[in-house]
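Subject: Structure for your review

Hello,

Please find the structure below, followed by notes on what turned up in it.

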Amino acid sequence: MSFLAYFRSATAKLFHRSEFDEEMEEELRSHIQHRADDLERTGLNRAEAERRARIEFGAQERFKEDIQDAVGGNFIDTLLQDVRVSLRVLRKSPGFVTVAVLTLALAIGANAVVFSVINAFIFHPLNVPKAESLFQLERGRDKAGNSSYPDYIDLRDRNRSFDALVAWNVTAVGLDTGKEPYRSWVIETSGNYFDALGIQPYLGRFFHNSDEHGVNSAPYVVLSYECWHTHFHDDRNIVGRTVQLSKHPFTVLGVAPPEFHGVLMFFHPDLFMPIVNREQTDGVSQLDE
């Protein structure tokens with residue numbers, strides 16, 4: 001019997017138990033009567049023929065069990081009996097039930113956390129194309145523990161080993177959307193940031209190297225998808241709108257895709273802006289690569 005046929009039979013028996021039992025009883029009586037008819041033709045009286053027929057078939061309960069096994073019924077019965085017994089035992093021991101449930105909940109929760117961490121760090125470390133080819137470079141730092149932007153320019157221009165070198169830094173600004181300003185986290189980046197990572201915008205466009213013209217370049221900002229959704233209510237006309245970052249006007253250039261959160265684990269920035277415009281947001285004068 002195929003699994004599908006077995007499942008159908010077991011399900012039918014479970015939901016149509018009385019009909020199944022009646023059909024089984026009728027089938028059993030039919031077999032006994034046919035055997036009694038054969039014995040009666042050998043010269044036995046009817047009562048003796050039926051008695052011998054029943055003996056040949058054995059106990060009716062055993063016969064029923066054989067039929068139930070054939071259609072998968074005993075499995076369902078056994079399962080239901082086990083469930084009923086378990087529920088009775090648990091009802092008599094509420095303390096044990098509480099401890100068992102809490103233990104299972106803690107174990108499941110711990111497994112979920114461990115899997116999430118492993119999934120983030122090992123299986124999907126960064127949600128960018130070819131994440132395995134990304135490297136973070138460390139250089140000599142100044143007394144404040146920072147590397148300067150000219151250091152990055154020097155590295156970028158002399159680079160012969162990597163497809164691209166990107167500079168970025170995390171800082172906080174005050175974002176004013178026309179209501180009460182609130183603190184927002186910004187990733188300040190070199191102009192090649194999105195191009196090097198292979199990210200495409202959800203709305204509008206990203207800034208590029210061609211948009212960098214020193215500290216006097218046009219101040220652009222790219223919104224994260226969460227920031228756009230939460231603070232700008234999915235306004236698809238947001239591109240070209242001016243927002244205030246630490247009391248300085250910035251033009252919204254585009255919106256990042258929902259799955260992109262930069263290159264830091266477990267950190268979701270609100271905004272992305274060119275690093276050359278950092279002084280306009282009162283940011284620090286140094287950067288982390």
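Helix H5 (residues 73–92) contributes the most to the nonpolar patch, with 4 residues; helices here are DSSP runs of H or I of at least four residues, and strands are runs of E of at least two, numbered from the N terminus. The patch consists of Leu-79, Val-83, Leu-87, Leu-90 and Phe-96, with about 450 Å² of accessible area together (Shrake-Rupley method, 1.4 Å probe, only the protein chains shown counting as cover). Patch residues have over 30% relative accessible area and no salt bridge, with nonpolar side chains (Val, Leu, Ile, Met, Phe, Trp, Tyr) joined within 5 Å and like charges within 9 Å.

This is a predicted model, in which local features need pLDDT of at least 70 and side-chain atom pairs count only at pLDDT 80 or more, while totals for chains, interfaces and linings use all residues. Residues are numbered from 1 along each chain as its sequence is written, and side-chain values use heavy atoms, without hydrogens and water.

The search found 9 salt bridges in the whole structure (a side-chain nitrogen of Lys or Arg within 4 Å of a carboxyl oxygen of Asp or Glu). Arg-46 pairs with Glu-40 at 2.8 Å between the closest N and O atoms, and also with Glu-50 at 3.2 Å. Glu-50 and Arg-46 are about one helical turn apart because they lie 4 residues from each other in helix H3 (residues 46–57). A network of salt bridges links Asp-37, Glu-40, Arg-46 and Glu-50. Separately listed is the salt bridge between Asp-38 and Arg-41, at 2.3 Å from N to O.

Regards
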